[in-house]
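Work through the exercises below with the structure open beside you, and try each task before reading its solution.

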Amino acid sequence: LLSYLSFLCRYFRWWYKKTRIEKKSAFIDLFCAVPLQQIYGCPLGGIGGGTITRGWRGEFCRWQLNPGLYHYETVIANQFTVCLRCKGQTVYQQVLSVERPSTLQGWNWGYCGHYAFYHALYPRAWTVYELPGQNVVLTCRQVSPVIPHDYKDSSLPVGVFIWEVENGRDEDVDVSIMFSLQNGTGTKEDRSGGHWNEPFTFEKEGERVAGVLLHHCTRVNPFTFAISAREKAGTGVTHLTAFNPAGSGREVWQDLLQDGRLDSPAGKSSPTEKGEVTAAAVCASCRVPARGHRTLELALAWDMPRIHFGSKEKLHLRRYTRFFGSGGDAAPALSHHALTHYEEWEKKIEEWQKPILENSQLPSWYKSALFNELYFMTDGGTIWIELPPDCCAEDLQGPAGAGLSHLLPVLREYGRFAYLEGQEYRMYNTYDVHFYASFALVMLWPKLQISLQYDIAVTVVNEDVQPRQYLMCGQTAQVKLKNVVPHDIGDPDDEPWQRVNAYFMHDTADWKDLNLKFVLQVYRDYSLTHDSLYLQDMWPVCQAVMESELKFDTDNDGLIENGGFADQTYDAWVVNGASAYCGGLWLAAVCTMCKMAEVLGDAEIQQKYTDILSKGKEAFERMLWNGKYYNYDSSGSDTSSSIMSDQCAGQWFLGACGLDQGEFEV
């Protein structure tokens, strides 16, 4: 109890300085957790360009445009509205939202949720709206470009909304879908002044899109939204450049009500004054024949090409700038590309998902989990950046990384990738848990996993000698030791990659699992990609971290021992002596060292680790097997005989590499 109270005191002092004096958010905030809201649906956007999450009721409610930093705010002006007209008269006009807000009261709110249904299979979502008494059904299909093995379109900050309109009437109906959007994300910066909107059209190869650009002119990380629709035969696109989303909105409503279209004024809007907020709308309209079907296509794009992390020390370019430029003027081209390529994206998504969805051997919950949990690939505070054009190998390698001969070519071709441990655990590429999540990367975007591993390898062979106090124990030690895998590559509110190990609850230099998880991933990546150049580069790093790990085998029995504190990923669980979890990971890593040495023809290292494996397996069985299962650890404490559900993680990982049988079974 005393040690826990001491930790709380240390944490509070640090938290107060960070949040109240430095005016920054804590990387883990134990005092101001984000309240649980079970409202979130499928996020919009590709990988690393920022995300905008919609709720399952259609609201735009979570924002991650500044890399790694989240803002939870439902912006009420961001809506889809439908207008139906028969024989030249408007017969129905409704905001497709169940909300009844205090602003925009000139609009018809309160759509009855009983008549709508939401379904998501990431990266797509469907919302079906039956319009009461109208005999018209709308289906909005939301699509984001998250496409396995695609390293271009998967980076794009766009989302497409395909509206399928089914007319069950015996007469033609004119249908309009209006998409309104506020200039901003619902923060105080929306009222900082200087924001402005302008209409645009973009035509290429006979395809034309039209809409409105909303320029959000902040001092750091300015961006532009684009709302747009695809013009085609029978489809008209109109717009409203600016309106006040804090007012009644009556002028917008009457404009649409009058003829199912918007006035489409020319020219830019005036920049907002301080305290003002602005919004815009785009409207797509078509005639749907009796008993017929038509499609309207709208898109949302956002262009924040040049970004600073929290420290504002370095300028970074997002991945998509390789294809669309970094001038901040890409939103029209992004919109056009999305509206003319989404069908191709959907075809690739269906080809990827269909074999799993049609596999009758897999339960429905598993299929849902496989795809819907992938949302974190984009909405995990994810960032994907380019290397600076003038970057050289020495800039990346640091003083000790010269052996990584393919580091520069890999990062130059595929960029740098990072994602958070969690939206409230703000550390990039937290390695102890990336161990589990990395299958999504290596199976779907293997080049991003290879890039991430090179970044970790560079960090392994270098060190950061700066001292700091660790909050759990109160002791001071250096930030990063040489030949030790880092816990993470930094906090997006600081300068990731440059300053690693944002986590300082524990000194992770003494954690027993990080080094092992690096070795296991190296072999797993090789077994799936057959990238022999990668294996050759990583081999010396694997040897270095395993040599560092050997110091934890204090009795030379071939099995490492835990140190009597929470020295692994389960960082509130004390482990002492030999343990099922870390011991199993150790044996699995030793096993992959034998296999990699065999592949690379390194007979001396192969023999060294074969001998260790033989001893270690015997010690593991002798010290931990109790006749029914492996004990949590060998300490003989009250918790020692607990069953840890993750105790065979090492064996499981070997199985994923095809190494869990015969001589390789640990």
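Helices, which have at least four residues, and strands, which have at least two, are DSSP runs numbered from the N terminus. The model used here is predicted.

**Exercise 1.** Find which elements each supply at least two residues of the lining of the second largest pocket.

*Solution.* Begin with the pocket itself, which holds about 860 Å³ of space, and go to its centre, where K314, D395, L396, R416 and W497 are the closest of the 35 lining residues. Next, assign the lining to elements: β19 (316–317), α7 (393–397), α8 (407–414) and α10 (446–461) each supply at least two residues. Finally, sort the lining by class, which gives 14 nonpolar, 7 polar and 14 charged residues.

**Exercise 2.** Describe the lining of the largest pocket, and state which element gives the largest share of it.

*Solution.* The volume of this pocket is about 1400 Å³. Its lining consists of 42 residues, and those nearest the centre are S25, N66, L69, Y70 and H71. Two or more lining residues come from each of α1 (2–21), β3 (60–64) and β4 (71–72), and the largest share, 3 residues, belongs to α1. Divided by class, the lining has 16 nonpolar, 14 polar and 12 charged residues.

**Exercise 3.** Decide whether F31 is buried, partly exposed or exposed.

*Solution.* First locate F31, which sits in the loop between α1 and β1 (40–44). Its relative accessible area is 41%, and because partly exposed covers the range between under 20% for buried and over 50% for exposed, F31 counts as partly exposed. Together with F12, Y16, I21 and L30, F31 makes a nonpolar surface patch of about 510 Å².

How values were computed:
Residues are numbered from 1 along each chain as its sequence is written. This is a predicted model: local features need pLDDT of at least 70, side-chain atom pairs count only at pLDDT 80 or more; totals for chains, interfaces and linings use all residues. Side-chain values use heavy atoms; hydrogens and water are left out. On a 1 Å grid over the protein atoms alone, a cavity is a set of points where a 1.4 Å probe fits but cannot get out, and a pocket is an open set with protein on both sides within 12 Å along at least five of seven lines; lining residues have an atom within 4 Å of a point. Grid points are joined across faces, edges and corners, and a volume is the space filled by probe spheres set on the points. Ala, Val, Leu, Ile, Met, Phe, Trp, Tyr, Cys and Pro count as nonpolar, Asp, Glu, Lys and Arg as charged, and the others, Gly among them, as polar. Patches are made of residues with over 30% relative accessible area and no salt bridge: like charges are joined within 9 Å, nonpolar side chains (Val, Leu, Ile, Met, Phe, Trp, Tyr) within 5 Å. Accessible areas come from the Shrake-Rupley method with a 1.4 Å probe; for residues, only the protein chains shown count as cover. A salt bridge is a side-chain nitrogen of Lys or Arg within 4 Å of a carboxyl oxygen of Asp or Glu. Buried means under 20% relative accessible area, exposed over 50%, partly exposed in between (1.4 Å probe, protein chains only).
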